[in-house]
Amino acid sequence: ANSIRVLCGILTDINMLGQGSRLIKQSIVDQAPYVASAALVSGYHLLQGGGSNVEVVKRWSTEISDALNSPAPMVQYHALGVM
């Protein structure tokens, strides 16, 4: 979870955004709630940056929808915030 938070700070460069996006996308559907929650919060922070970040986060809609069905309320809350 901490690695995902650090990765979000690095992803400001558009060239690295594609590679990091795949990792965050996989982390959103992770079984561990703290990992999924950290990935969703990182996605939320990417949305705040604007620009091409918004388009990347919009492509995660299926993973975010899966997170809404998570048994962990914390993950559901963060997924709803990103939606």
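Predicted model: local features only at pLDDT ≥ 70, side-chain atom pairs only at ≥ 80, totals over all residues.
Biologist: Why does Pro73 count as exposed?

Modeller: Its relative accessibility is 62%. Buried means under 20% relative accessible area, exposed means over 50%, and partly exposed is what lies in between, with a 1.4 Å probe and protein chains only. Since 62% is over 50%, Pro73 is called exposed. Residues are numbered from 1 along each chain as its sequence is written, and side-chain values use heavy atoms, with hydrogens and water left out.

Biologist: Where in the chain does Pro73 lie?

Modeller: In helix 6. Pro33 is 40 residues away from Pro73 in sequence, with 9.0 Å between their C-alpha atoms.

Biologist: What makes something a helix here, and how many does the chain have?

Modeller: Helices are DSSP runs of H or I with at least four residues, strands are runs of E with at least two, and numbering starts from the N terminus. By that rule the chain has six helices and zero strands. From the N terminus the elements read α-α-α-α-α-α.

Biologist: What makes Gln76 partly exposed?

Modeller: The relative accessible area of Gln76 is 31%, so this residue counts as partly exposed. Gln76 sits in helix 6 and touches Ala67, Leu68, Asn69 and Ser70, leaving aside residues up to four places away in sequence. A touch, or contact, means heavy atoms within 4.5 Å.

Biologist: And Leu80 and His45, how do you know which class each belongs to?

Modeller: Leu80, in helix 6, has 58% relative accessibility and therefore counts as exposed. His45 is in helix 3, and at 49% it counts as partly exposed. His45 and Val82 are 37 residues apart along the chain, with their C-alpha atoms 9.2 Å apart. For Leu80 and Ser65, the figures are 15 residues in sequence and 8.7 Å in space, C-alpha to C-alpha.

Biologist: What share of the chain is buried?

Modeller: Buried residues make up 39% of the 83 residues.

Biologist: Why are helix 3 and helix 6 called roughly parallel?

Modeller: Helix 3 covers residues 33-49, helix 6 covers residues 73-82, and they pack at about 15° with their axes 9 Å apart. Axes are lines fitted to C-alpha atoms, for helices over the stretch in contact, and angles run from 0 to 180 degrees between N-to-C directions. Angles under 35 degrees count as roughly parallel, over 145 as roughly antiparallel, 65 to 115 as roughly perpendicular, and the rest as oblique. The angle of about 15° falls under 35, so the pair is roughly parallel.

Biologist: Which residues of helix 3 and helix 6 meet, and what makes up their contact by class?

Modeller: Among those meeting are Tyr34, Leu40 and Tyr44 in helix 3 and Met74, His78 and Val82 in helix 6. By class, this contact has 11 nonpolar, three polar and no charged residues. Ala, Val, Leu, Ile, Met, Phe, Trp, Tyr, Cys and Pro count as nonpolar, Asp, Glu, Lys and Arg as charged, and the others, Gly among them, as polar.

Biologist: How do helix 5 and helix 6 pack?

Modeller: Helix 5, residues 61-68, packs on helix 6 at about 145°, with the axes 8 Å apart. Ile64, Ala67 and Leu68 in helix 5 meet Val75, Gln76, Ala79, Leu80 and Val82 in helix 6. That contact has seven nonpolar, one polar and no charged residues.

Biologist: What makes a set of residues a nonpolar core?

Modeller: A nonpolar core is a set of buried Ala, Val, Leu, Ile, Met, Phe, Trp, Tyr and Cys residues joined through side-chain atoms within 4.5 Å. The largest one here has 15 residues, and those touching the most other members include Ile24, Trp60 and Ile64. Helix 3 gives the most to this core, with four residues. As for Ile64, this residue touches Ile28, Leu40, Val57, Ala79, Val82 and Met83, not counting residues up to four places away in sequence.
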